[in-house]
Amino acid sequence: MGTAMAARQVLRWTVRTAASSRLSPLQFGGCRVQPVCVGCGLLCSSTSQTSLQPIQNNYKLSQVSESPVTELSLQSLVEMGFTDTQAEQIYEAVSKVRGGSANKHVLSTITTLLVLGLNPSSVQKLLQKCPELYAVKESQLQQRISNLRKLGLAEGSLQRVVAHYPQILTVPVKTVKHVVMFLREKCLFTVQQVTDILRDSPAIVLEDLGQVEYKFQYIYFRMGVKQADMMKSRLFRYSLDEIRCRHCFLERRGLYQTPDKKGQTTIVNPKLDSILNVDQGTFLKVIAKASAEEYEVFQRLMEREWQEQEKEYGSIEADSDDYEEEEEDEEDEETGGRSGYRKRRKK
């Protein structure tokens, strides 16, 4: 329903804009909107053809350029449903974007977002978060939105993802497909799990895949957690440092054990969800049974320890393309268990 209302709103704005610019027909995408006097001839059969002919001839003679009118104005934004304040903020933001691409694409960008089902207030906040969208072509936006739908983001979920993380619309389709293939082939997530990851952690499309792979291997081999439990904890919302710090704190207090090759431990490990998906106070009181002071001291010690390890082994380098070329490593991961993790860590 929201999409339909947005479409009607954009249509009304298009007709009004066309009426105010007889000599310069407005164009959205590949659709050219003729002046309203000509359009009325299509809508009202009683209009005399002879009365339209002089205007049409005058239009042909006066037309200087075939280029569409895409000039942004406060009035056009207000007519699209924005308040005066919102229109001024958008207008000022566009003027600050360097280059002419923002002015060229801003109207089609806003139209696309409105037709997607976002209201003017959401669009204005979204553009504040990600002004890079002003310079994205309409065709690219449409392709990226269509690709997200194909990946399983249905209506409702798609709008929430775009509103929460608009940067996802600045990422080329090829890059998003690359990330999806990585999650499927390297991390062995199912199609539905990949969709859930994109919905819950859309920022993954801009993360370094070498870091993502190392984070996954740490959870899978070091902590012994499988994909289904990773999904419950929304793993990719957390940094590797956050995960390692809480895990190592529990481990050194004797509250967590790495499972053996058969997946067994001598104690019952807390679930990953209860370790990560809680605030620090709850984690310390319920899971770690420790004070905030103890944890702060431990964090400082761990940071120093990690710095020394990085000096010894070297920093983790990005290798997002390696998974396409190193198929032999898959056998090591399947059979090596923790040894596979250690091999990856020292690489």
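**Close-up views of a predicted model**

View 1. Helix H11 (191-200) and helix H13 (227-233) each contribute at least two residues to the lining of the largest cavity. Helices are DSSP runs of H or I with at least four residues, numbered from the N terminus. This is a predicted model: local features need pLDDT of at least 70, side-chain atom pairs count only at pLDDT 80 or more, and totals for chains, interfaces and linings use all residues. Residues are numbered from 1 along each chain as its sequence is written, and side-chain values use heavy atoms, with hydrogens and water left out. H11 gives the largest share of the lining, three residues. The lining consists of Asp196, Ile197, Asp200, Ser201, Met230, Met231, Arg234, Leu235 and Phe236. By class, five are nonpolar, one is polar and three are charged. Here Ala, Val, Leu, Ile, Met, Phe, Trp, Tyr, Cys and Pro count as nonpolar, Asp, Glu, Lys and Arg as charged, and the others, Gly among them, as polar.

**View 2. The cavity itself.** One cavity of 30 Å³ or more turns up in a search of the whole structure. The volume of the largest cavity is about 60 Å³. A cavity is a set of points, on a 1 Å grid over the protein atoms alone, where a 1.4 Å probe fits but cannot get out; lining residues have an atom within 4 Å of a point. Grid points are joined across faces, edges and corners, and the volume is the space filled by probe spheres set on the points.

**View 3. Helix H12 is mostly covered.** Of the 14 residues of H12, 11 are buried (under 20% relative accessible area, 1.4 Å probe, protein chains only; exposed is over 50%, partly exposed in between). Among them are Val212, Tyr214, Phe216, Ile219 and Phe221. Glu213 and Lys215 are also buried. H12 spans residues 209-222 and reaches 19 Å from first C-alpha to last, close to the 20 Å expected at 1.5 Å a residue. The expected span is 1.5 Å times one less than the number of residues.

**View 4. The ends of H12.** At the start, a side-chain oxygen of Asp208 comes to within 3.0 Å of the backbone nitrogen of Gly210. After H12 comes Gly224, with a positive phi near 70°.

**View 5. Cysteines without a disulfide.** The structure holds zero disulfides (pairs of cysteine sulfur atoms within 2.5 Å). Cys245 is in none; its nearest cysteine sulfur, that of Cys248, is 7.5 Å away. Cys245 is buried, at 6% relative accessible area. Cys130 is buried too, at 0%.

Notes:
On a 1 Å grid over the protein atoms alone, a cavity is a set of points where a 1.4 Å probe fits but cannot get out, and a pocket is an open set with protein on both sides within 12 Å along at least five of seven lines; lining residues have an atom within 4 Å of a point. A polar contact is a pair of N or O atoms within 3.5 Å; within protein, one must be able to donate a hydrogen and the other to accept it, and residues adjacent in sequence count only if both atoms are side-chain atoms.
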